[in-house]
Amino acid sequence: MADILQAIKGMNDILPPESARWEWLEETVRALMRRYGYSNIRTPIVEPTALFVRGLGEVTDIVEKEMYSFADSLNGDKLTLRPEGTAGVVRAMNEHSFLYEGGKRLFYIGPMFRHERPQKGRYRQFHQVGAEALGFAGPDVDAELILMTVALWRDLGLNVGTDVRLELNSLGQPEERRAHREALIKHLEQHASLLDEDARRRLHSNPLRILDTKNPAMQPVVEAAPKLMDFLGEASLAHFNAVKQVLDAAGVVYKVNPRLVRGMDYYNLTVFEWVTDRLGAQGTICGGGRYDGLIEQLGGKPAPAVGWGLGMERLLLLLQELGIESPSTAPDAVALVFAGTPLSTVMSTVEALRQAGVRVLLNPAGKDGPASPKAQFKKADASGALFALIFGPDEVAQGQVSVKPLRDGGEQVARPLAQPGEWAASLLAHRQS
């Protein structure tokens, strides 16, 4: 007997009933996006490696250590499994001149890939939801995207401010960051003996990321470092203040975190994260911000943009931790077919009910015919269905099917086989209640 092949470590199967929770989350996201006027975009999973090197920055953790990159065996092209979604969206906008007629609001849902050590909430194949608003420069769109995440948390049953908290910062513009960068490097060089290996490696390539260190020994150095906010000019501060004013007016509680940075090089002005204390070290469940230079950086005409991404695995873990369940996907009814019943009658009735919107699960017969009534009722009860539809030979001979409640102890009633559409509504009414 051949060995059973297994999935790659960190790339997981999602099986029923767990997959139903994913479908619920995806449907909730799609409904949210429709309310805000965002359209779906689907980009390839495999992109040119240069897209991420140019877009994310050569000295980011993703590019340096985490990308799944390879040479195409047919033509030698350097390819990469996408580690995030924004760069691919921007590439698609440039390639198809999609911003020619004006700004676009887009969203995506799909798998991403990073070669890191698998752990709870972090996998080598993981899934993201992302929203991107391209071609809009004003702080109103920054605020809209943040308010969209507030609406999502509420739609999912999360309490904003307790289950999840919002942190904000502004990274200003490139010239402001350059001035801050020089001051930051000078400060860190003065305390070089206190820097860990990772910080020393980043010191001259990406010093802003050092401010995000989780090393307790480095906290005094980081706390005393120059604040980027002190280097922001009037326009950058005005943009940030306008975002905060919208959030204040909407009653959204947030914390300005001057140490908040993002893992990619392309961000400017507003950046934000939603964090939770419920998942240990994996506390960030959503993050984003403005990236006005990325479209030009990837070969397009200069245009502003802002967006966010959230990790679906971490969000589902948080919902599970809080005891928030997805709606039931149990069938409304299970059709029980007893020996001697014409199968054609059963199937035509069940199909008519399904066309009327009723979720009906058919108990299949084995090679020796239908199982015993006792065995079928046991399966029907285990399915979570509200009703059993009993197709016995006596009932069918009288042109009827018996409808038996399985959950509330109600009375069994007979319904006409010839008019299933007329009584389908009674089954749907129980589901909706």
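**Reading a sheet, its helices and the cores**

Colleague: Let's begin with the sheet: how many strands does it have, and in what order?

Modeller: This is a predicted model, and its open sheet has 5 strands in the order β13-β12-β14-β15-β16, with mixed pairing. As a general idea, the strands of a sheet pair through backbone hydrogen bonds, either parallel or antiparallel.

Colleague: Which strands stand at the edges?

Modeller: Those are β13 (360-362) and β16 (413-416); each has a single partner strand, so one side of each is left without a neighbour in the sheet. From one strand to the next, the twist averages 30 degrees.

Colleague: In which sense do β14 and β15 pair?

Modeller: Strand β14 (residues 387-391) and strand β15 (residues 400-405) pair in the antiparallel sense, over 4 bridges. Within that pairing, A388 stands opposite K404 in β15.

Colleague: Which helices pack on the sheet?

Modeller: Helix α12 (residues 343-355) does, touching β12 (333-337), β13 and β14, and its direction makes about 155 degrees with that of β13. Helix α13 (residues 373-382) also packs there; α13 touches β12, β14 and β15, and its direction makes about 170 degrees with that of β12.

Colleague: Back to K404: is this residue buried, partly exposed or exposed?

Modeller: Buried would need under 20% relative accessible area and exposed over 50%; K404 has 31%, so K404 is partly exposed. Not counting residues up to four places away in sequence, K404 touches F377, L386, F387, A388, I390 and Q412.

Colleague: How do I read a crossing of two helices, say α1 and α11?

Modeller: Look at the angle between the axes: 65 to 115 degrees counts as roughly perpendicular. Helix α1 (residues 18-36) and helix α11 (residues 312-321) cross at roughly 105 degrees, their axes coming within 11 Å, and they are therefore roughly perpendicular to each other.

Colleague: Which residues meet there?

Modeller: From α1 come R21, W22, W24, L25 and E26, which meet M312, E313, L315, L316, L319 and Q320 in α11. The residues of this contact divide into 7 nonpolar, 1 polar and 3 charged.

Colleague: And in the largest nonpolar core, which residues touch the most other members?

Modeller: W153, W274 and W308 do, out of 45 residues. Helix α5 (residues 139-156) gives the most to this core, with 10 residues. Leaving aside neighbours within four places in sequence, the contacts of W274 include I146, W153, L166 and I285. Another core, of 44 residues, lies apart from that one, with L51, L134, A225 and A305 among them.

Notes. Residues numbered from 1 in each chain as written. Predicted model: local features only at pLDDT ≥ 70, side-chain atom pairs only at ≥ 80, totals over all residues. Heavy atoms only, no water. Axes fitted to C-alpha atoms, helices over the stretch in contact; angles between N-to-C directions. Parallel < 35°, antiparallel > 145°, perpendicular 65-115°, else oblique. Contact = heavy atoms within 4.5 Å. Nonpolar A, V, L, I, M, F, W, Y, C, P; charged D, E, K, R; others polar. Pairing = 2+ DSSP bridges. Core = buried A, V, L, I, M, F, W, Y, C linked by side-chain atoms within 4.5 Å. Buried < 20%, exposed > 50% of the residue type's maximum accessible area, 1.4 Å probe, protein only.
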